[in-house]
Amino acid sequence: MGLFNFATDVAIDLGTANTLVYIKGRGIVLNEPSIVAVHRSTRKVIAIGREALQMHERTHPEIETIRPLKDGVIADFEVAEQMIRGFIQKVQRSWYTSIRRMVVCIPSGITEVEKRAVRDSAEHAGAKRVYLISEPMAAAIGIGLNVEEPVGNMVVDIGGGTTEIAVIALAGIVVNESIRIGGDELDNAIIQYFKRNHNLLIGQRTAERIKCEIGSAVELDPELELSVKGRDLVSGIPKIRTISSEDVREALREPVSQIAAAVLRCLERTPPELGADILERGIMLTGGGALLKGLDVLIRNRVELPVYVAEDPLTAVARGTGKVLEDLERYERVLV
Ligand SMILES: Nc1ncnc2c1ncn2[C@@H]1O[C@H](COP(=O)(O)OP(=O)(O)OP(=O)(O)O)[C@@H](O)[C@H]1O
């Protein structure tokens, strides 16, 4: 950056769970939860990202925490804009830097109205030009697939709000499936299961921790245990309970099976030549959900094709969006 050039180019992976910011020439400079804490009566922003997450669920009468994205799309425009602006301010080297170009990724299944909302939010947050790229395309580029080849690649991106499945060839998405089931849904399934079967009420963050630490899609050897704090629904008081990975797997069975079914549906709609490529190359899993233990094994058993978990699945989309930002001319064809 020259001394008199204060314009930067930015790429954003605006996710339901996490937002990552990439700055041209610097790489990923921010990775924080997509959450904002506001003052209940004045609506003034008190904290964003990690700091706001600390306040989440620790109910305070004057503070409200908001996750502005739901199911991969913007649910609260005003808060989403403030979050984008706040994150960018955090990583800018000086307050007078302006944003020239911004690449933002979006779920492949979103409507025109939802696309418009992302564009508007990015513009209001200060971007002069906004480019959109679909998440599975960004993920594919991020994990190093050559998306321009005349060869089929299948990417399954399991995020917080959505699972996006796409077959990519010749810089385009040939077939895609997008379901509004992702990590959040798995957390909810855990909460419901323990409420129904064990009279135990657990919070959202505890459910997520259970999923990440002992959650699985297939049998584990050895099976795991975790002690968690929750409220006993019979006595009404807080309790510490030890829960098993078998129970958690049972809780996750339904949503996990829906993810596998969506992969199968996408394969069924894939043209035969591209299907043959996928048979050879396998299916790549990315997004935080790809880290669920044994999910690759479960999908492999269901579809009878090789399935791999991408390296560093939580940053794949941001890395891909960043690569596109670094070379917008080359990647023009992959933009929405
Ligand atoms: N080890 C793990 N096991 C299972 N799930 C995990 C693990 N680590 C992270 N996750 C889940 O991954 C999800 C976040 O993934 P990611 O950051 O890719 O989503 P996102 O991009 O914010 O969401 P979306 O793409 O839907 O907008 C969360 O639901 C989180 O709980």
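Trainee: How many Å separate the centres of domain 2 and domain 3?

Mentor: This is a predicted model, in which local features need pLDDT of at least 70 and side-chain atom pairs count only at pLDDT 80 or more, while totals for chains, interfaces and linings use all residues. Residues are numbered from 1 along each chain as its sequence is written. The domain assignment, which is automatic or from a database, gives domain 2 as 144–181 + 254–313 and domain 3 as 183–251. Taken over C-alpha atoms, the distance between their centres is 28 Å.

Trainee: How many residues does the contact take from domain 2, and how many from domain 3?

Mentor: Two residues are in contact if their C-beta atoms, placed from the backbone, lie within 7 Å. By that rule, the contact takes 15 residues from domain 2 and ten residues from domain 3.

Trainee: Which helices each supply at least two residues of the side of domain 2 that touches domain 3?

Mentor: Helices (H or I, at least four residues) and strands (E, at least two) are DSSP runs, numbered from the N terminus. On the side of domain 2 that touches domain 3, at least two residues each come from H7 and helix H9 (295–303).

Trainee: Is Glu 304 buried or exposed?

Mentor: Glu 304 lies in the loop between H9 and E18. A residue is buried if 20 or more other C-beta atoms, placed from the backbone, lie within 10 Å of its own, exposed if 12 or fewer, and partly exposed in between. Because Glu 304 has 11 C-beta neighbours inside 10 Å, it counts as exposed.

Trainee: Where does Pro 222 lie?

Mentor: Most peptide bonds are trans. The bond from Asp 221 to Pro 222, however, is cis, with omega near 0 degrees. Pro 222 lies in the loop between H6 and E15.
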